[in-house]
Amino acid sequence: MELKSFYREIVNEHNLNPVHKGTMENPDRVLRGVNPSCGDDITLRLKLDNGTITDAMFTGEGCAISQASVDMMADDIIGKTVEEAVALSEMFHGMILGEITDEDELEPLEEAASLMDISHMPARTKCAMLGWRTMKQMLEEE
């Protein structure tokens, strides 16, 4: 199977069968993220325990890239400290902007690294970044 095809499959799976889409009882943090230019709109909810993210869920609508990206992000940040999650967000942002291209360096992003080619589609970078930007803003506000 061609690598790009494999990555497309990962994005499709997270878009069509998101693990972290749904409501959450008693979240510790809630923040809505919107891309007004394209209509992507999510609400991210996190549970934290002593500075560690123990759960992440989202609701909302948007394109396949925004929905898949926020679901992959939730996979990546559960079990991470706030600092580690913010660092992952910065790494993802660097990848989406085409500033970080070394696949070994991107390994901590796990499946989210499959969105690397978005850097060649400027109109889609905001879609991919929505969940990550929302999470980073939420964690840095406290």
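Biologist: What makes the reach of helix H2 (residues 64–77) close to the expected one?

Modeller: This is a predicted model, where local features need pLDDT of at least 70, side-chain atom pairs count only at pLDDT 80 or more, and totals for chains, interfaces and linings use all residues. Numbering starts from 1 along each chain as its sequence is written, and side-chain values use heavy atoms, with hydrogens and water left out. Now to the helix. H2 has 14 residues, and 20 Å separate its first C-alpha from its last. The expected span is 1.5 Å times one less than the number of residues. For H2 that expectation is 20 Å, so the reach is close to it.

Biologist: Why is H2 described as largely enclosed by the rest of the structure?

Modeller: Start with the cut-offs: buried means under 20% relative accessible area, exposed over 50%, and partly exposed in between (1.4 Å probe, protein chains only). In H2, 12 of the 14 residues are buried, so the rest of the structure largely encloses this helix. Among the buried residues are Ile 65, Val 70, Met 72, Met 73 and Ile 77. Some charged ones are buried too, including Asp 71 and Asp 76.

Biologist: What makes the phi of Asn 26 worth a remark?

Modeller: Most residues other than glycine have a negative phi. Asn 26 is not a glycine, yet its phi is positive, near 50°. Asn 26 sits in the loop between helix H1 (3–16) and strand E1 (29–35). Its relative accessible area is 64%, so Asn 26 is exposed. Met 57 is 31 residues away from Asn 26 in sequence, and the two C-alpha atoms are 12 Å apart.

Biologist: What about the phi of Glu 110?

Modeller: Glu 110 is no glycine either, and its phi is positive at about 50°. Glu 110 is in the loop between H3 and H4. Its relative accessibility is 51%, so Glu 110 counts as exposed.

Biologist: How do you know that Arg 32 and Asp 41 meet in a salt bridge?

Modeller: A salt bridge needs a side-chain nitrogen of Lys or Arg within 4 Å of a carboxyl oxygen of Asp or Glu. For Arg 32 and Asp 41 the N to O distance is 2.5 Å. Arg 32 has 54% relative accessibility and counts as exposed. Asp 41 has 21%, so Asp 41 is partly exposed.

Biologist: How many salt bridges does the structure hold?

Modeller: It holds 3. Another one joins Glu 90 and Lys 136, with the closest N and O atoms 3.6 Å apart. Glu 90 lies in helix H3 and Lys 136 in helix H4, so this pair ties together parts that are 46 residues apart in sequence. At 43% relative accessibility, Glu 90 is partly exposed. Lys 136, at 24%, is partly exposed.

Biologist: What makes Glu 90, Lys 136 and Glu 140 a network?

Modeller: Salt bridges link these three residues. Lys 136 also meets Glu 140, at 3.9 Å from N to O. Lys 136 and Glu 140 are 4 residues apart in helix H4, so about one helical turn separates them. Glu 140 has 46% relative accessibility and counts as partly exposed.

Biologist: Which residues gather in a patch of negative charge on the surface?

Modeller: Among them are Glu 9, Asp 75, Asp 102, Glu 103 and Glu 110. Glu 103 lies in the loop between helix H3 (82–96) and helix H4 (125–141).

Biologist: Why is that group called a patch, and why negative?

Modeller: Patch residues have over 30% relative accessible area and no salt bridge; like charges are joined within 9 Å, nonpolar side chains (Val, Leu, Ile, Met, Phe, Trp, Tyr) within 5 Å. Areas come from the Shrake-Rupley method with a 1.4 Å probe, and for residues only the protein chains shown count as cover. Asp and Glu count as negative, Lys and Arg as positive; His and the chain ends are not counted. The place of a charge is NZ of Lys, CZ of Arg, CG of Asp or CD of Glu. The gathered residues are Asp and Glu, so the patch is negative.

Conventions. Helix = DSSP H or I, 4+ residues; strand = E, 2+ residues; numbered from the N terminus.
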